[in-house]
Amino acid sequence: MATTEPKHEHREEEEEAAGADDEDTGAQVAPIVRLEEVAVSTGEENEDPLIDLKAKLYRFDKDGNQWKERGVGTVKLLKHKETGKVRLVMRQSRTLKICANHLVLPTMTVQEHAGNEKSCVWHAPDFADGELKDELFCIRFASIENCKSFMEMFQEVAESQKKEESEDGSTAAGLLEKLSVEDKSEEKAEDKTKEGDGKEEKAEDEDAEKKDEKATV
């Protein structure tokens, strides 16, 4: 009568051999190419974020008379540490491609999009495509609260830029006035110098005339 025991033993031997192949020998294989860590500059190193929110951005296509999606990602308001200027930057989540990149100017205003409390619109001269273009943007957030936070910060920045421009204008006016006063003072000093020189010349002429008269006599 035939038996299955040999087959069973053969199967156990195969499993043991396979297990031996999977055992860690402790050998280490060095990588063929070593990749060094490279520092990537985002251009935002000298800026502080005032706001950082996820959103979806649209731009109005004038030719097609319709809204077109620019991308889904993170929108930021970044304030430069030295100049104090604030710009809006938005990048796509996966590719990090820039969707919007422009300064927040004193003349800008942001408004709620009609019929949608989670969206708002604004005009801006944008530089996302490498050249300055006048764009009409619409941005949609996940919540009404995020939209309000963005609008409030945007408007606050625009107002602060107005104050800075006003202060800069006053400073410039003061410098011009001071310069004007200094110019007038210099002109007066020059006039006095010329007047003194004229008197000296007149006195010298009179002395010369008296000498001539004496010589004639």
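## Close-up views of a predicted model

**View 1. Strand β1 and its two partners.** Strand β1 (47–61) runs antiparallel to β2 (residues 66–80), to which 14 bridges join it, and within this pairing A55 stands opposite G73 of β2. Strand β1 is also joined to β7 (residues 133–141), again in the antiparallel sense, by 5 bridges, and here L57 has I139 as its bridge partner in β7.

View 2. Of the 9 salt bridges that the structure holds, one is formed by E44 and R91, whose closest N and O atoms are 3.5 Å apart. Because E44 lies in the loop between α1 and β1 whereas R91 belongs to strand β3 (residues 86–92), the pair ties together parts that are 47 residues apart in sequence. E44 counts as buried, at 13% relative accessibility, while R91, at 22%, counts as partly exposed. A salt bridge also forms between E47 and R87, with the closest N and O atoms 2.8 Å apart; this pair links distant parts of the chain, E47 being in strand β1 and R87 in strand β3, 40 residues apart. Both E47 and R87 are buried.

View 3. D129 forms a salt bridge with R70, the closest N and O atoms lying 3.4 Å apart. Since D129 is in the loop between β6 and β7 and R70 is in strand β2, the pair ties together parts that are 59 residues apart in sequence. D129 is partly exposed, its relative accessible area being 41%, whereas R70 is buried, with a value of 18%. A network of salt bridges links R70, D129, E131 and K133.

**View 4. A nonpolar patch on the surface.** The residues I32, V33 and L35 form a nonpolar surface patch, and together they have about 430 Å² of accessible area. Among them, V33 lies in the loop between α1 (5–22) and β1, and V33 is exposed, with a relative accessible area of 57%.

Conventions
Residues numbered from 1 in each chain as written. Predicted model: local features only at pLDDT ≥ 70, side-chain atom pairs only at ≥ 80, totals over all residues. Heavy atoms only, no water. Patch = residues over 30% accessible without salt bridge, like charges linked within 9 Å, V, L, I, M, F, W, Y side chains within 5 Å. Areas by Shrake-Rupley, 256 points an atom, 1.4 Å probe, with all protein chains shown as cover. Salt bridge = Lys/Arg side-chain N within 4 Å of Asp/Glu carboxyl O. Helix = DSSP H or I, 4+ residues; strand = E, 2+ residues; numbered from the N terminus. Buried < 20%, exposed > 50% of the residue type's maximum accessible area, 1.4 Å probe, protein only. Pairing = 2+ DSSP bridges.
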